[in-house]
Structure formats: C-alpha cells, structure tokens
Amino acid sequence: MIIDIEKGNLRILVTGGAGFIGGCLVRRLLKTTNAKVFNLDKISYASDLSAIRESPNIYRHTLIKVDLKDYQKTFKAVKEADPDIIFHLAAESHVDRSIENAEPFLQSNIVGTFNILESARKHWDNMDHSRKKGFRFLHISTDEVFGSLGSEGKFSEKSTYDPRSPYSATKAGSDHLCNAWFHTFNLPIIRTNCSNNYGPYQFPEKLIPLIIFKALNKLPIPIYGDGTNVRDWLFVEDHIDALILAISKGEIGASYCIGGSNEKTNLEITKYICELLDKRVPINKPYTDLIKFVKDRPGHDKRYAIDSALIQKELGWQANNSFEDGLLKTIEWYLNNQSWYENIQKNSGFKGERIGLNKNF
Ligand code: NAD
C-alpha cells in the first residue's frame with residue numbers, strides 16, 4: 001500500500017521537528033503537501049523554529065512543546081495530533097555532548113523512543129480499520145549504530161550493530177526498541193539509518209558549520225586527531241527525499257540504509273571549505289592557515305560508508321545533489337545568514353568551545 005503524502009490530507013506528527021533534519025522535513029511537508037503538521041519537540045539548545053515560521057503555510061503547523069521523556073505528556077500529545085503517520089526524529093544528536101554527559105541521551109533516545117512507541121501503539125490500536133491500514137511509524141536513525149569500518153567495505157541493512165559512543169549506543173537501543181515493537185506488537189514501523197548530513201540551519205557544533213564559522217571569524221579551525229577519519233556526506237534535502245519515500249512506499253518492518261557515496265576525510269572537507277572561502281571571501285592569508293590539530297575525540301570511529309543499493313533499487317531513491325553542489329549551496333547559505341548564527345549563539349549559549357574530552361583518554 002502506497003501512502004499518498006502529497007495529496008492525502010494527512011495529519012502528520014514529526015518528533016524533533018525543530019531540529020536540523022526535522023526542521024527541513026517540516027518545511028518540506030508544509031511546502032509540498034496539504035497535510036496538517038504537528039511538531040513535537042522539547043525545544044532545546046539545538047532547536048530553531050525561525051525558518052518554519054517563515055512558511056506561507058504556517059497555519060497548517062502546530063508546535064507541541066513536550067519532552068518525550070515524560071510518558072503522560074507524550075501520550076496526550078499523540079492524542080492531540082491524532083496522526084495518520086509519525087516521523088520520529090527527536091534525539092540528542094551530538095557525540096561530543098554524549099561523552100560530556102550521557103544521561104540526557106538515555107532519556108531522549110531510549111526512554112523517549114519507548115514513550116513515543118507506546119503512545120503510538122495505543123493510538124494505532126484505537127484507530128478505525130481504514131486509517132489503521134495506512135498508519136506508518138518511521139524511525140530515523142544513524143549509520144553510527146554499526147560502529148567503525150576499516151579501509152574497506154560499507155555498512156548495509158545486514159551490518160551487525162556495534163555502537164561505540166554513548167550517542168550511537170542510545171540510537172542503537174532505539175532501533176532495537178522499534179524492531180521489537182514491530183515484531184511483538186505488529187506496529188507498522190519502518191527504520192532508516194543515514195550517514196552524516198549537512199546543509200543550511202545545522203547547529204554549529206557539527207563539523208561543516210563549525211568549520212565555516214571558525215573560518216569566517218578567523219578563529220583556529222580544530223581538527224580532531226590527524227584528520228583522517230572518514231564520513232559519508234549527504235545533503236539534508238536528499239535525506240528528506242529518502243524519508244518521504246521510505247514512509248510512503250517502504251516495506252513495513254524493513255530498514256533502509258541511506259548514504260551519499262561521498263566519503264571524505266575530515267581534513268579533506270576542511271581544506272575544501274577553506275579553498276571555497278578563499279575564492280568567495282578572501283582574507284590576507286589562506287584559510288587553511290587557521291587549521292589546528294587538536295586532541296582526538298575519545299573512541300573516535302575511523303570510517304563510515306553506506307551502501308544505499310536497497311533503497312535505490314526498491315524505492316527508487318537517489319541523491320540529487322553532488323557533494324560539490326550541496327557544499328556550495330550550504331556555504332552560500334551560511335554566508336548570507338550570519339545573523340542566524342549570531343541568534344543561535346545568543347539563544348543556546350554555544351560559542352564553538354570544545355566539549356567531550358574524557359580526561360582518562
Ligand atoms: P538536532 O540535534 O539538530 O535536532 C534534534 C531535535 O530533537 C531538537 O530540536 C531537540 O530539541 C529535539 N529533541 C531531543 N530530545 C527530545 C526529547 N526528549 N523530546 C522532544 N524533543 C527532543 O538533530 P538532527 O541532526 O536534526 O538529527 C535528527 C535525527 O536524525 C536524530 O534522531 C539523529 O540521530 C538522526 N540522524 C542525524 C544525522 C546527522 O548527520 N545530523 C545523520 C543520521 C541520522
């Protein structure tokens with residue numbers, strides 16, 4: 001059964017819709033569908049609703065400010081949204097913060113996922129037959145649950161779970177809960193595991209916006225360890241395409257791996273961004289002069305890479321943005337929206353400082 005997201009007049013619940021990827025999804029849903037979009041988010045340091053508020057279709061958006069760690073409030077929120085489908089993105093998402101303090105990761109990513117699953121299950125149990133058939137719950141996860149690769153091979157749906165940071169361990173836990181709620185309770189769940197995203201509106205603790213803002217402010221650009229750790233980068237809009245396909249056409253109970261086939265070392269990315277900035281906003285020296293190698297992240301995974309063959313073959317997904325195009329769009333956006341960063345800094349208190357250094361490492 002195909003779920004018609006565009007024309008289905010659906011009620012859609014997005015958790016974490018005030019974050020980077022969730023916000024991009026909410027904006028897309030407001031733009032390309034006629035759905036009522038319910039955005040459940042606790043509104044944390046990583047949240048930003050400014051872009052959503054600019055949507056001409058904002059009247060179809062409802063913010064439900066709830067922390068998923070609270071079961072009663074989560075249950076009430078699901079009741080209020082009365083969703084036809086749920087995209088579950090809410091999570092604590094930054095590895096360094098999970099090293100600094102893992103507790104909020106357990107609360108949001110594990111307890112929070114349990115609470116939304118239980119609330120969704122009760123909601124689904126009470127739906128009438130025709131709505132029940134079309135109900136879907138999409139759980140959005142990361143490739144980091146599979147651990148770290150050597151120089152060869154790629155992660156796929158068949159990869160073994162081997163999480164190595166508090167963040168990835170809690171995301172792995174949430175994946176397992178979803179799998180259990182599908183097998184045990186038949187809740188129609190689909191899961192996705194995606195590689196590193198980048199694009200506009202990403203909180204500047206993450207690598208690409210951090211490099212851009214350090215460079216634009218002529219501050220040292222920190223590179224963890226020797227900079228040879230590899231990530232597989234995907235432009236956020238391409239991830240959104242995959243999520244919409246997965247919930248519309250994905251097989252219930254299946255998981256899909258999503259990646260950009262853009263493997264780059266952290267040092268390569270940094271040098272590439274520096275060269276683009278040299279051309280676009282030159283200063284009196286190359287931006288690469290700002291690069292500073294710093295102590296490595298504890299337990300830093302060496303390499304991630306994704307084999308997206310299944311979602312390409314079964315759902316017809318492909319990334320539409322090359323890394324070069326996506327990065328150019330991203331840099332251009334940050335250059336034109338420096339006041340966004342200043343506001344984010346003011347609201348969150350984050351000033352680009354290093355966190356997550358385990359003294360025993
Ligand atoms: P983000 O940190 O930018 O946003 C997360 C949002 O979730 C925030 O608005 C936050 O307030 C909300 N949230 C967190 N805990 C909550 C709770 N307990 N209750 C309600 N809301 C809560 O994260 P992101 O980068 O947009 O990632 C979104 C999802 O995608 C996460 O599940 C993440 O694991 C997954 N993912 C991210 C990437 C990536 O590269 N960013 C890659 C693959 C998968």
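## Holes in the model

Picture a 1 Å grid laid over the protein atoms alone: a cavity is a set of points where a 1.4 Å probe fits but cannot get out, while a pocket is an open set with protein on both sides within 12 Å along at least five of seven lines, and a lining residue has an atom within 4 Å of a point. Grid points are joined across faces, edges and corners, and a volume is the space filled by probe spheres set on those points. The model is a predicted one, where local features need pLDDT of at least 70 and side-chain atom pairs count only at pLDDT 80 or more, although totals for chains, interfaces and linings use all residues. Residues are numbered from 1 along each chain as its sequence is written, and side-chain values use heavy atoms, with hydrogens and water left out.

With that settled, this structure has two cavities of 30 Å³ or more. The largest has a volume of about 90 Å³, and of its 15 lining residues, A18, G19, F20, D48 and Y201 sit closest to the centre. Helix 1, helix 2 and helix 13 each put at least two residues into this lining, with helix 1 giving the largest share, three residues. (Helices here are DSSP runs of H or I with at least four residues, strands are runs of E with at least two, and both are numbered from the N terminus.)

The second largest cavity comes in at about 50 Å³. Around it you'll find V95, E144, S165, R231, R297, G299, H300, D301 and Y304.

## What the linings are made of

For sorting residues, Ala, Val, Leu, Ile, Met, Phe, Trp, Tyr, Cys and Pro count as nonpolar, Asp, Glu, Lys and Arg as charged, and the others, Gly among them, as polar. On that basis the largest cavity is lined by 10 nonpolar, three polar and two charged residues.

Helix 13 supplies the largest share, six residues. By class, this pocket's lining has eight nonpolar, eight polar and three charged residues.

## Inside the protein

In soluble globular proteins, nonpolar side chains tend to be buried together. A nonpolar core here is a set of buried Ala, Val, Leu, Ile, Met, Phe, Trp, Tyr and Cys residues joined through side-chain atoms within 4.5 Å. Buried means under 20% relative accessible area, exposed means over 50%, and partly exposed is in between (1.4 Å probe, protein chains only).

The largest nonpolar core has 39 residues, and I12, V14, L29 and F87 have the most contacts inside it. Among the elements giving two or more residues to this core are strand 1 (11-15), helix 1 (20-32), strand 4 (85-88) and helix 9 (236-249). Helix 9 gives the most, with eight residues. Apart from this core lies another, of 31 residues, with Y45, A51, F203 and I211 among them.

## Cysteines without bonds

A disulfide is a pair of cysteine sulfur atoms within 2.5 Å, and this structure holds zero of them. Take C257: the closest cysteine sulfur to its own is in C194, and at 9.2 Å that is too far for a bond. C257 is buried, at 0% relative accessibility. C274 is buried too, with a relative accessible area of 0%.

## A few spots to look up

G250 is in the loop between helix 9 and strand 11, and counts as buried at 10% relative accessibility. Not counting residues up to four places away in sequence, G250 touches I190, L245, Y256 and L315.

N9 has a phi near 50 degrees, a positive value in a residue other than glycine. N9 lies in the segment before strand 1, and is exposed at 55% relative accessibility. D82 also has a positive phi, near 45 degrees, and isn't a glycine. Look for D82 in the loop between helix 3 (71-81) and strand 4, where it is partly exposed at 26% relative accessible area.

Note on methods: Contact means heavy atoms within 4.5 Å.
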